[in-house]
Amino acid sequence: MRAWTLGIGIALLGLLVWKGSAEDAEPKGPERVVTGEVVDLSCYLMMGARGEAHRGCAQACLSRGSPAGILTDDGQVVVILYDPKNARPVELGPFMAKRVQARGVAYAKGGITGLVVASVAPVAP
């Protein structure tokens, strides 16, 4: 009986530690607005491909799982992040090679900036 009680106590302690570490692992970054062209990162980084002439290829790459990003006016690339807790992320396919304004939560680490997009809208070129 004593071993059983000890086992339950250890299990509960483990659950508390796990819950605490899960909350600690989810820092929320600042809200940010990013304006620029939605690009397929694979083709953009490997070949510099972007723009309307590359739109069909970019949409195909995105549908195959290639990551997307936003190329800002000052030449920075913001990686689009997908929040695994959001079952319905913002669909970027229709915006490939288009100029957009995206709003969301920003994260940065190791010189890379990412954005979990909450909303996106086209803007004039």
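Student: How far is the sulfur of C61 from the closest cysteine sulfur?

Tutor: A disulfide is a pair of cysteine sulfur atoms within 2.5 Å. The sulfur of C61 is 3.9 Å from the closest one, in C43, so the pair is too far apart for a bond. This is a predicted model, where local features need pLDDT of at least 70 and side-chain atom pairs count only at pLDDT 80 or more, while totals for chains, interfaces and linings use all residues. Residues are numbered from 1 along each chain as its sequence is written, and side-chain values use heavy atoms, with hydrogens and water left out.

Student: How many disulfides does the structure hold?

Tutor: It holds 0 disulfides. C57 is in none, and its nearest cysteine sulfur, again that of C43, lies 4.0 Å away.

Student: Is C61 buried or exposed?

Tutor: Look at relative accessible area: buried means under 20%, exposed over 50%, partly exposed in between (1.4 Å probe, protein chains only). C61 has 14%, so C61 is buried. C57 has 36%, so C57 is partly exposed.

Student: Which residues are in contact with S66, leaving aside its neighbours within four places in sequence?

Tutor: Contact means heavy atoms within 4.5 Å. For S66, the partners are D40, L41, S42 and C61. S66 sits in the loop between α3 and β2. At 11% relative accessibility, S66 counts as buried.

Student: Which side chain joins that of S66 in a polar contact?

Tutor: That of D40, at 2.6 Å. A polar contact is a pair of N or O atoms within 3.5 Å; within protein, one must be able to donate a hydrogen and the other to accept it, and residues adjacent in sequence count only if both atoms are side-chain atoms.

Student: In what order do the strands of the barrel run?

Tutor: Strands of a sheet pair through backbone hydrogen bonds, either parallel or antiparallel. Here a closed barrel of 5 strands runs β1-β2-β3-β5-β4, with mixed pairing. Neighbouring strands are turned by 55 degrees against each other on average, direction ignored. β4 and β5 run antiparallel and are joined by 10 bridges. Q101 stands opposite A121 in β5.

Student: Which residues touch the most other members of the largest nonpolar core?

Tutor: Nonpolar side chains tend to be buried together in soluble globular proteins. This core has 17 residues, and I70, L115 and V120 touch the most other members. Elements giving two or more residues include β2 (68–72) and β5 (112–122). Beyond four places in sequence, I70 is in contact with residues including V34, V38, V78, I80 and V100.

Definitions and conventions: Core = buried A, V, L, I, M, F, W, Y, C linked by side-chain atoms within 4.5 Å. Helix = DSSP H or I, 4+ residues; strand = E, 2+ residues; numbered from the N terminus. Pairing = 2+ DSSP bridges. Axes fitted to C-alpha atoms, helices over the stretch in contact; angles between N-to-C directions.
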